[in-house]
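Hello,

Here is the structure I promised to pass on to you. Have a look at it first, and then read on for a short tour of what turned up.

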Amino acid sequence: MSEVTVQGRQLVLLAAGFIVWSVAFVALYAMLSVGCAYGWDRIDLAGGLTLQRVQLIVIFLVHLGAGLWLARALRPASTSRGDDHPAQFLRHAAYGTAVAAVAATAFTFAGIFALTSCY
């Protein structure tokens, strides 16, 4: 019977994309509440953009960029050899979940560009 060893780092990388997504969710939700409490939705900066919308867009873009960077960093170098090794499988799975997390980030939080924020 052969024993398979999986390092903890590989398991963390498997969830890393959705950890970025969850941090974005908490940050956007918290700053939405702070902005509404302090009336940032009534502070017009330029061209109809309010302070509230600008800070939400910045938070969104930072996390989208972090997710894209993570997906690029986890991109497997080659798919032709070694796919049966557990470490290679986890690397491919981590890349797939990171790409899914980027798509989830874009889809879930795209409403900040158009929806009202404090009503």
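A word on classes before the tour: Ala, Val, Leu, Ile, Met, Phe, Trp, Tyr, Cys and Pro count as nonpolar, Asp, Glu, Lys and Arg as charged, and the others, Gly among them, as polar. Please note that this is a predicted model, where local features need pLDDT of at least 70, side-chain atom pairs count only at pLDDT 80 or more, and totals for chains, interfaces and linings use all residues. Residues are numbered from 1 along each chain as its sequence is written, and side-chain values use heavy atoms, with hydrogens and water left out.

On confidence, pLDDT is the predictor's score for each residue, from 0 to 100. The protein chain averages 89, and 90% of the residues reach at least 70. Helices (H or I, at least four residues) and strands (E, at least two) are DSSP runs, numbered from the N terminus. Helix α2 (residues 51-74) has the highest confidence, with a mean of 96, and strand β1 (residues 44-46) the lowest, at 89.

Now the interior. A nonpolar core is a set of buried Ala, Val, Leu, Ile, Met, Phe, Trp, Tyr and Cys residues joined through side-chain atoms within 4.5 Å, where buried means under 20% relative accessible area (1.4 Å probe, protein chains only). The largest one has 10 residues, including Leu28, Phe60, Leu64 and Val102. Helices α1 (8-37), α2 and α3 (86-109) each supply at least two of its residues, and α2 brings the largest share, 5 residues. Apart from this core lies another, of 8 residues, with Val20 and Ala98 among them.

On a 1 Å grid over the protein atoms alone, a cavity is a set of points where a 1.4 Å probe fits but cannot get out, and a pocket is an open set with protein on both sides within 12 Å along at least five of seven lines; lining residues have an atom within 4 Å of a point. Grid points are joined across faces, edges and corners, and a volume is the space filled by probe spheres set on the points.

The largest pocket holds about 280 Å³. Its lining has 13 residues, with Leu28, Leu32, Leu56, Gly111 and Ile112 nearest the centre. Helix α1 gives the most to that lining, 4 residues.

How many cavities of 30 Å³ or more are there? The search finds 1. Its lining includes Gly17, His63, Leu64 and Val102, and divides into 4 nonpolar, 4 polar and no charged residues.

Best wishes

Terms used:
Buried means under 20% relative accessible area, exposed over 50%, partly exposed in between (1.4 Å probe, protein chains only).
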